[in-house]
Amino acid sequence: MTKHTTAAKATTQATEQATEQATKQALPRGRHKLSREEVTGAQRERMLHAMAEAMAERGYVATPVAEIIRRAGVSRETFYQQFASKQDCFLAGLEQAMDGLRAAMSEALSGDGGPIERFERLLGIYLDALAGDPATARLFLIEVYAAGPDVARRRAELQEPFLDGLVSVFGARTERGRFACQALLAAIVALATNAIAAGNVDALRALRAPLVDLARAGLQLAP
């Protein structure tokens, strides 16, 4: 066995020991009232948070599973009990983030007001969510492409409810109207992605007025 092999083995053992120690410290000592499901849920949340944190700093490609479990304080076995791969973990985080955003935007859809007023509420919720957590926004607007075509396709599927929301707001009942809403959604996402890529939160928030003007000028759709 070479010196390099011995050193690598020692490093791996030390990392695993540190991870197991962090796992023990992350849950209450001794007897506790947490069910197995609650423990599993807590571990999952820690792993998703660690994944988002690590990838926001390092990027998708440069973040190995080892970095996620180190930050989460769980073992490799625990990680693979819940996720099939790094990509699977990323996808779970994407779905969770989109679910939260969708829930917030559904409240705006149920409010009163005309099409432009309701659109402005929807847009405001979306832009405020991105501006409030630009690191996570970068993860799911930019790093999503590094995660592979399957994840990019899944993101497109997850955006369908947002498209449906625009269709509802503008009362679009034709293919032409739906396409116009799709183009508006694509413009919103593209412009927001550019602002996030530039690290310019002020520019992100400043998109609200011109996008509302765009909707007012060209997307008050005929049924």
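Predicted model: local features only at pLDDT ≥ 70, side-chain atom pairs only at ≥ 80, totals over all residues.
Is cysteine 181 buried or exposed?

1. Cysteine 181 counts as buried, because its relative accessibility is 1% and the cut-off for burial is under 20%. Cysteine 89 is also buried, with a relative accessible area of 0%.

2. A disulfide is a covalent bond that joins the sulfur atoms of two cysteines. The present structure holds zero disulfides.

3. Threonine 78 is found in helix 4, which covers residues 76-82. Its relative accessibility is 11%, so threonine 78 counts as buried. When residues up to four places away in sequence are not counted, threonine 78 touches Gln43 and Met47.

4. The next point concerns a pair of helices. Two packed helices are described by the distance between their axes and by the angle between those axes. For helix 5 (residues 86-109) and helix 6 (residues 115-132), the axes come within 9 Å and cross at roughly 155 degrees. Angles over 145 degrees count as roughly antiparallel, and helix 5 and helix 6 are therefore roughly antiparallel to each other. The crossing of these two helices is right-handed.

5. Which residues of helix 5 and helix 6 meet? From helix 5, the residues are Leu101, Ala104, Met105, Ala108 and Leu109. From helix 6, they are Arg118, Arg121, Leu122, Ile125, Tyr126 and Ala129. Sorted by class, this contact has nine nonpolar residues, two charged residues and no polar residues.

Conventions:
Residues numbered from 1 in each chain as written. Heavy atoms only, no water. Helix = DSSP H or I, 4+ residues; strand = E, 2+ residues; numbered from the N terminus. Buried < 20%, exposed > 50% of the residue type's maximum accessible area, 1.4 Å probe, protein only. Contact = heavy atoms within 4.5 Å. Disulfide = S-S within 2.5 Å. Axes fitted to C-alpha atoms, helices over the stretch in contact; angles between N-to-C directions. Parallel < 35°, antiparallel > 145°, perpendicular 65-115°, else oblique. Left-handed = near helix turned anticlockwise from the far one by under 90°. Nonpolar A, V, L, I, M, F, W, Y, C, P; charged D, E, K, R; others polar.
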